[in-house]
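My notes are in the order I worked.

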Amino acid sequence: MLSKTKKIWMDGKFIDWDNAVIHVLTHTLHYGLGVFEGIRCYETVQGPAIFRLDEHVDRLFNSAHIFMMKIPYTKKEIKDAIIETIRINKIKECYIRPLVYIGFGAMGLYSVDNPINVSIAVWPWGAYLGDKGIRDGIRVKISSFIRYHVNSSMTRGKVCGYYINSQLAKREAILCGYDEALLLDTEGFVSEGSGENIFIVRKGILKTTPLTSILEGITRDSIIRLANDEGIVVLEERFTRDELYIADEAFFTGTAAEVTPIKEVDGRIIGSGKPGKITKKLQSLFFEIVKGKNKKYESWLKRI
């Protein structure tokens, strides 16, 4: 269950948590066309800091642009609203959820005259895949459901309706006794998790799926940049499930998942079955940065 905070920003006004409601005929509720972001604010010794706020807001606007949704606010207004939502709730560390949705008006699939609404909520949220998963790694199942084809749904957008696919995969994995799902693309190559990007390490080389059929993850981008700075060779290329099975290390990245090691896939132990050297190095660097302990990447933090 979510832990309530005091206020939610809705179309320029702060509404009490329990009163932040929409009409049952809100268009996005029926047809799934809405875009959103997942952002984290971390507690640091210098106060709360939002991780890569600019990039997240840019992606929110890009998602809306792809689907021809005109956000009725500027990027600066959305950033300011996010910051003020954290301040007004007096919260030191939180998950941030901006949502852009098509409001009440005409029904049917062509709804160009309906209002575009925006909400911003914040709440405390710990490790998405569990503290134990962050520390020891998780068990993953290749899903029987595949990632959308790039021409059936445009994969660069972070769109509400896309997560039906993710929910099916996640539920299947959990019911089979695993912690998370991994989806293949329409040609059978590894794509991404239900809500995460994936990396593998083999023979000292870090490899991740290219941006052909996955969401352009901001944590993914951060890890690639960190690896490059640390002199780790990074390849963005497709790989198969059996290459994943014989990888020395593997891990998921994402705003919610952060950097979560993978210790097993489909009953096959990955490497030693414990987080590997490169995984631990990048994970440690990531948490140093988001906690404000690494000045080299200070520009990635928006202090509150």
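This is a predicted model: local features need pLDDT of at least 70, side-chain atom pairs count only at pLDDT 80 or more; totals for chains, interfaces and linings use all residues.

Entry 1: I searched the whole structure for disulfides and found zero. I then checked cysteine 94, which is in no disulfide. Its nearest cysteine sulfur belongs to cysteine 41 and sits 4.6 Å away. A disulfide needs the two sulfurs within 2.5 Å. I also looked up how accessible cysteine 94 is: the residue counts as buried, because its relative accessibility is 1%.

Next I took cysteine 160, which is also in no disulfide. The nearest cysteine sulfur to cysteine 160 is that of cysteine 94, 19 Å away. Cysteine 160 has a relative accessible area of 24%, so I noted it as partly exposed.

**Entry 2: helix 6.** I went to residues 218-229, which form helix 6. I counted twelve residues there. From first C-alpha to last, helix 6 reaches 17 Å, close to the expected 16 Å. I listed the buried residues of helix 6, among them Ile218, Ile223, Ile224 and Leu226. Arg220 is on that buried list too. After helix 6 comes glycine 231, and its phi is positive, near 80 degrees.

**Entry 3: salt bridges.** My search of the whole structure gave 27 salt bridges. I looked at a few of them.

I started with lysine 207 and glutamate 243, whose side chains meet at 2.8 Å, N to O. This pair links distant parts of the chain. Lysine 207 is in strand 12 and glutamate 243 is in helix 7, 36 residues apart. Are these two residues buried or exposed? I found both lysine 207 and glutamate 243 buried.

Then I checked glutamate 230 and lysine 281, a salt bridge at 3.3 Å. Glutamate 230 is in the loop between helix 6 and strand 13, and lysine 281 is in helix 8, so the bridge ties together parts 51 residues apart in sequence. Glutamate 230 is partly exposed at 34% relative accessible area. Lysine 281 is partly exposed at 39%.

My next pair was glutamate 298 and lysine 295, which meet at 3.9 Å, N to O. Glutamate 298 is partly exposed, with a relative accessible area of 25%. Lysine 295 is exposed, at 53%.

Last, I noted a network of salt bridges that links Arg52, Glu55, Asp221 and Arg225.

Notes:
Residues are numbered from 1 along each chain as its sequence is written. Side-chain values use heavy atoms; hydrogens and water are left out. Buried means under 20% relative accessible area, exposed over 50%, partly exposed in between (1.4 Å probe, protein chains only). Helices (H or I, at least four residues) and strands (E, at least two) are DSSP runs, numbered from the N terminus. The expected span of a helix is 1.5 Å times one less than its number of residues. A salt bridge is a side-chain nitrogen of Lys or Arg within 4 Å of a carboxyl oxygen of Asp or Glu.
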